[in-house]
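I opened the notebook to look at how the chains of this model meet.

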6 protein chains.
Amino acid sequence: MPVVKPFVVERIVDLILELDVLERMPRMGFLLGGITHPESVAAHCYAVALTAMLMADAMPEPVDAQRVLRMALLHEVSEARITDLPYEALEYIHAQTKSAAERAAAQDLLGPVDRAYASLWEEFEAAETLEARIVRAADKIQMMAKVLQYERERRGNLADFWGNVEYNENCWGVALARKLFEEIRRRHEQDERGSRIECCG
Amino acid sequence: MPVVKPFVVERIVDLILELDVLERMPRMGFLLGGITHPESVAAHCYAVALTAMLMADAMPEPVDAQRVLRMALLHEVSEARITDLPYEALEYIHAQTKSAAERAAAQDLLGPVDRAYASLWEEFEAAETLEARIVRAADKIQMMAKVLQYERERRGNLADFWGNVEYNENCWGVALARKLFEEIRRRHEQDERGSRIECCG
Amino acid sequence: MPVVKPFVVERIVDLILELDVLERMPRMGFLLGGITHPESVAAHCYAVALTAMLMADAMPEPVDAQRVLRMALLHEVSEARITDLPYEALEYIHAQTKSAAERAAAQDLLGPVDRAYASLWEEFEAAETLEARIVRAADKIQMMAKVLQYERERRGNLADFWGNVEYNENCWGVALARKLFEEIRRRHEQDERGSRIECCG
Amino acid sequence: MPVVKPFVVERIVDLILELDVLERMPRMGFLLGGITHPESVAAHCYAVALTAMLMADAMPEPVDAQRVLRMALLHEVSEARITDLPYEALEYIHAQTKSAAERAAAQDLLGPVDRAYASLWEEFEAAETLEARIVRAADKIQMMAKVLQYERERRGNLADFWGNVEYNENCWGVALARKLFEEIRRRHEQDERGSRIECCG
Amino acid sequence: MPVVKPFVVERIVDLILELDVLERMPRMGFLLGGITHPESVAAHCYAVALTAMLMADAMPEPVDAQRVLRMALLHEVSEARITDLPYEALEYIHAQTKSAAERAAAQDLLGPVDRAYASLWEEFEAAETLEARIVRAADKIQMMAKVLQYERERRGNLADFWGNVEYNENCWGVALARKLFEEIRRRHEQDERGSRIECCG
Amino acid sequence: MPVVKPFVVERIVDLILELDVLERMPRMGFLLGGITHPESVAAHCYAVALTAMLMADAMPEPVDAQRVLRMALLHEVSEARITDLPYEALEYIHAQTKSAAERAAAQDLLGPVDRAYASLWEEFEAAETLEARIVRAADKIQMMAKVLQYERERRGNLADFWGNVEYNENCWGVALARKLFEEIRRRHEQDERGSRIECCG
């Protein structure tokens with residue numbers, strides 16, 4: 001009968017404890033946008049995994065939902081060592097440099113538990129498979145839903161997020177993602193019309 | 001060619017927006033234990049899903065990891081409507097009453113998107129399948145790892161958590177869970193010995 | 001000469017220490033309404049006691065202000081064990097179930113000090129005496145004044161609170177309460193007109 | 001039949017709204033003592049009123065509990081305008097200067113509602129009547145209970161509070177207050193012994 | 001060869017440690033204005049020093065920038081002992097009383113390190129030299145820039161700050177300060193017009 | 001007569017507003033070390049400038065204190081765009097890559113106001129002049145003083161900071177810095193002995 005190897009138990013606990021810091025790490029893009037006490041990276045990852053699951057299940061074509069979920073849970077692990085470099089920083093640290101740093105950190109964190117996790121991280125980063133593209137899109141759909149939520153709570157100064165469509169509303173070739181971005185934007189515009197009518201009606 | 005039904009898009013966005021509150025909801029058991037600004041319910045769910053994935057993959061027997069992940073992501077959704085009733089409240093609100101309330105809230109939240117999600121919630125609650133028991137155990141393994149972490153950060157007054165073994169370290173018949181609880185407790189005791197030696201050595 | 005019984009001293013300190021958690025417990029209805037770091041239950045109780053005192057003293061008929069003040073100070077003690085179940089939760093946990101749980105918790109907390117405190121809690125809950133009705137109304141008057149304050153500070157998304165008149169602006173048959181709700185609503189509407197004029201003037 | 005005068009309603013709402021800031025005002029003495037996010041002035045007032053009620057009811061001699069409660073609720077109102085000057089500031093701002101400023105602020109806040117409230121504030125400040133002395137003692141009993149609580153939560157650096165017995169544990173001639181201070185100190189010393197035994201046992 | 005006297009090292013560390021509390025001390029005027037978690041006094045001092053440096057370097061006449069910078073860094077040190085008395089408190093504590101208390105606290109803090117620091121504090125307080133007037137103006141320019149920033153983040157209720165021109169936009173006879181206040185106000189008005197157009201356009 | 005060029009006024013206000021985010025940006029190394037709500041980057045800069053001033057004035061040899069102060073105020077400006085990359089991240093992002101990114105960001109921020117500021121940033125980064133080395137050392141002295149402070153407040157898990165002497169207590173060839181590090185470490189060890197004696201005495 002197969003048995004659990006003892007060192008795996010230790011490594012699992014190591015990883016849980018090290019990733020714990022994501023619960024205290026603020027999403028830096030929102031911090032720069034004037035949100036005090038923004039959501040944590042861990043809370044973001046939860047909502048991305050949930051969004052990705054809902055997407056995988058609503059897709060008109062077959063999707064390996066398990067891989068979608070695994071990638072969603074792993075896609076930010078490197079931030080436990082590198083922290084959350086926001087969009088603004090990409091003007092100074094090349095996207096490739098950032099990506100290479102994240103790859104190395106993800107490998108150092110995940111490799112000791114199971115090499116397969118590092119491969120999943122690579123698949124997400126490569127953004128080629130349908131599953132990876134769903135998670136890439138979910139990452140931004142969650143972000144724009146959160147922007148909508150902050151606006152409803154009258155927090156921060158996030159108007160710029162709606163202007164950067166190419167980066168923030170990239171659907172990665174997934175039609176469902178396009179529809180979700182449209183629905184979120186529709187509600188944003190409806191809120192704006194609502195406050196116009198309330199104001200001048 | 002199958003198409004995404006429009007109302008599904010709306011319902012997905014509804015659910016994402018409603019569950020967003022979990023990011024601001026403190027884990028009440030930790031609040032009662034003297035932790036100011038404890039982790040959020042959303043951050044807890046992220047760490048439980050991660051723990052459950054690591055467990056499913058380390059199990060010596062075959063496990064349907066996909067169902068494990070789905071249950072982990074869904075197991076606290078009812079708290080968006082009912083809030084997080086801590087262990088202490090169970091002396092006054094019967095576990096069955098709490099469970100029935102959570103069931104109804106989970107159904108109201110998840111049913112409009114897909115009845116299958118409500119079934120997964122039921123499977124978790126019933127705690128009979130191997131997959132459900134893994135998530136039940138992961139829920140407590142994450143909690144005790146967080147207790148260990150808070151102790152290392154010298155926050156709060158959580159000594160009681162180590163005393164309630166039956167409830168807090170329930171392994172739900174999963175041998176791997178037992179090993180993980182033991183490993184966490186071993187580190188806790190090692191920390192305590194360390195501070196004894198540092199203090200009196 | 002009568003003397004203080006020693007165990008009373010111990011029980012008083014027990015109660016003060018256990019109720020201390022109310023200082024860290026967020027008002028959950030505001031949390032659900034998008035207020036980050038809302039007022040604590042303890043701060044709410046302070047403001048309710050103050051409001052109830054001002055009301056008792058402004059009533060055109062005789063009122064036992066002492067009983068009013070005692071009820072105001074005791075009306076939320078059960079939340080130290082059960083936490084603060086918001087309005088939204090009442091759809092899933094019957095008001096009677098909640099009330100029974102609160103009664104039992106209040107008795108367990110207050111009984112060991114003096115049974116008279118548990119009786120005051122009952123009087124508040126029954127909402128029959130004039131004194132109890134004043135505190136019931138003060139509980140909501142404070143809440144709506146806080147909603148007004150949050151709006152002035154541009155926090156959260158509390159518009160729904162103004163729509164639920166039956167529950168949130170229940171005057172419990174106290175004419176003065178009606179006037180206070182009207183005055184708060186008058187200021188709310190004045191603020192709204194003010195921002196309309198500022199905006200379109 | 002006597003009627004409520006309309007302006008009273010306006011003034012009550014004015015006072016509730018102005019005192020609302022006490023919910024956001026940190027207790028500055030705790031802030032100086034290294035407590036991040038200490039209790040608010042409003043939460044302190046709640047706990048003082050509760051403590052004073054428990055004391056009034058446990059006194060071996062007759063006490064006008066109503067006056068006790070009123071003074072407890074009013075004793076910090078001036079801080080809504082002057083803020084909370086801690087003990088350390090008294091080396092630079094004479095106690096009399098501080099007291100005169102608080103008196104003027106209390107009168108400006110309370111006078112427009114009812115002159116009787118300003119008189120109650122004076123009675124508290126004068127600290128001569130039994131009722132006033134109970135509230136003065138309760139103010140410090142609550143503070144030392146909070147210090148005990150912070151120590152149990154391993155927050156801050158409050159050891160100095162136990163050394164300043166004359167100021168921090170002034171019982172104002174109330175024997176019951178002496179017993180309460182002793183009981184709190186007994187628990188503090190028991191905790192210290194406990195951690196010594198745990199450490200070196 | 002001159003040597004550092006040992007006690008100076010101790011006194012430098014004493015001062016650094018005591019002024020550390022400014023990092024946790026909220027700017028009380030903003031707290032009264034409905035800002036939750038406002039900037040700290042230390043963060044304010046950083047921004048004032050930066051503003052004063054930029055001003056000193058942009059002045060058309062010669063300025064001793066070093067003295068400007070030293071005064072900016074020292075101008076709030078007394079708050080480590082007295083806390084931050086806001087504008088509202090000046091109605092009750094005479095400006096001269098406040099100034100005398102601050103002087104004594106500044107001397108007690110700075111004197112043991114070097115009497116010259118206490119003199120710089122005096123120079124700032126006297127507001128006569130060009131250098132002192134630049135820092136006095138910078139203190140308010142930073143404040144009004146922060147008000148603008150809070151408005152952009154939709155926090156609090158700071159409209160009153162724009163009305164108190166004499167106190168909040170005092171340029172202390174420095175023409176450049178006048179221009180900076182005008183520029184900040186111009187942006188504030190532009191924002192207001194922007195939201196009017198967005199709203200009614 | 002020389003006049004202030006209008007665009008300078010605009011650029012000064014631009015810079016003040018953009019650097020405002022440093023007040024909300026947590027020091028990430030402390031966050032990774034388990035400190036919830038650590039000091040902000042702005043508060044750190046204030047304390048570094050203060051420390052550097054005290055050092056410059058206590059040096060046995062002549063120092064251009066003005067340049068010291070300017071460098072201290074400017075040394076972290078790039079973090080407004082790149083955020084605060086902690087020590088742990090340097091394993092994945094080369095120190096040179098980080099330095100080049102910071103240089104570019106500092107130039108973009110400071111250049112439009114005055115090229116001289118960018119040069120001061122370069123001088124700090126090169127760490128060759130005595131003035132630059134004082135600020136480099138002050139940057140770490142402030143950090144270790146803050147570690148001492150957090151330990152006294154029993155926050156976080158910062159023991160590792162005392163072990164990394166080469167990086168955290170680099171005196172950059174400044175003898176006074178060595179003495180300050182020694183004094184801070186002496187107090188740390190004295191605290192540890194104190195708690196040992198208290199515990200086992």
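Here are my entries, pair by pair and then residue by residue; I keep in mind throughout that this is a predicted model.

**Entry 1: chain E against chain F**

I began with the contact between chain E and chain F, to which each chain brings 55 residues. I looked up the buried area next: the two chains bury about 5,000 Å² between them, and 71% of that is on carbon and sulfur atoms. It is a handy number to note, as the size of an interface is often given as the accessible area lost when the parts come together.

Then I turned to the polar side of the E–F interface. The rule finds 10 salt bridges across it. One of them joins the side chains of Arg187(E) and Asp14(F), at 2.8 Å from N to O. For polar contacts I got 16 residue pairs between chain E and chain F, both residues at pLDDT 80 or more.

Which elements of chain E give two or more residues to the side that touches chain F? I found α1 (6-19), α3 (41-58), α4 (65-74), α8 (130-152) and α11 (175-200). The most comes from α3(E), with 11 residues. By class, I noted 36 nonpolar, four polar and 15 charged residues on this side of chain E.

**Entry 2: how chain E and chain F are related**

Two copies of a chain are related by a rotation about an axis and a shift along it.

**Entry 3: chain B against chain A**

I went on to chain B and chain A, where 55 residues of chain B are in contact with 55 residues of chain A. Together they bury about 5,100 Å², with 71% of it on carbon and sulfur atoms. Leu17(B), Tyr46(B) and Leu73(B) supply 14% of the area that chain B buries against chain A, more than any other three residues.

I count 10 salt bridges between chain B and chain A. Among them is the one between the side chains of Lys146(B) and Asp20(A), at 2.6 Å from N to O. On the side of chain B that touches chain A, α1 (6-19), α3 (41-58), α4 (65-74), α8 (130-152) and α11 (175-200) of chain B each give two or more residues. The most comes from α3(B), with 11 residues.

Chain A and chain D do not touch, and their nearest C-alpha atoms are 14 Å apart. Chain C and chain F do not touch either, with nearest C-alpha atoms 14 Å apart.

Most residues other than glycine have a negative phi, and I wrote down two exceptions.

- Ala127(C) has a phi near 55°. I place Ala127(C) in the loop between α7 (115-126) and α8 (130-152) of chain C. Ala127(C) counts as buried because its relative accessibility is 10%, under the 20% cut-off.
- Arg154(D) has a phi near 50°. I find Arg154(D) in the loop between α8 (130-152) and α9 (159-163) of chain D. Its relative accessibility is 27%, so Arg154(D) counts as partly exposed.

Methods. Residues numbered from 1 in each chain as written. Chains lettered and ligands numbered in written order. Predicted model: local features only at pLDDT ≥ 70, side-chain atom pairs only at ≥ 80, totals over all residues. Heavy atoms only, no water. Contact = heavy atoms within 4.5 Å. Buried area = accessible area lost by both parts, 1.4 Å probe. Salt bridge = Lys/Arg side-chain N within 4 Å of Asp/Glu carboxyl O. Polar contact = N/O pair within 3.5 Å; in protein donor to acceptor, adjacent residues only side chain to side chain. Helix = DSSP H or I, 4+ residues; strand = E, 2+ residues; numbered from the N terminus. Nonpolar A, V, L, I, M, F, W, Y, C, P; charged D, E, K, R; others polar. Buried < 20%, exposed > 50% of the residue type's maximum accessible area, 1.4 Å probe, protein only.
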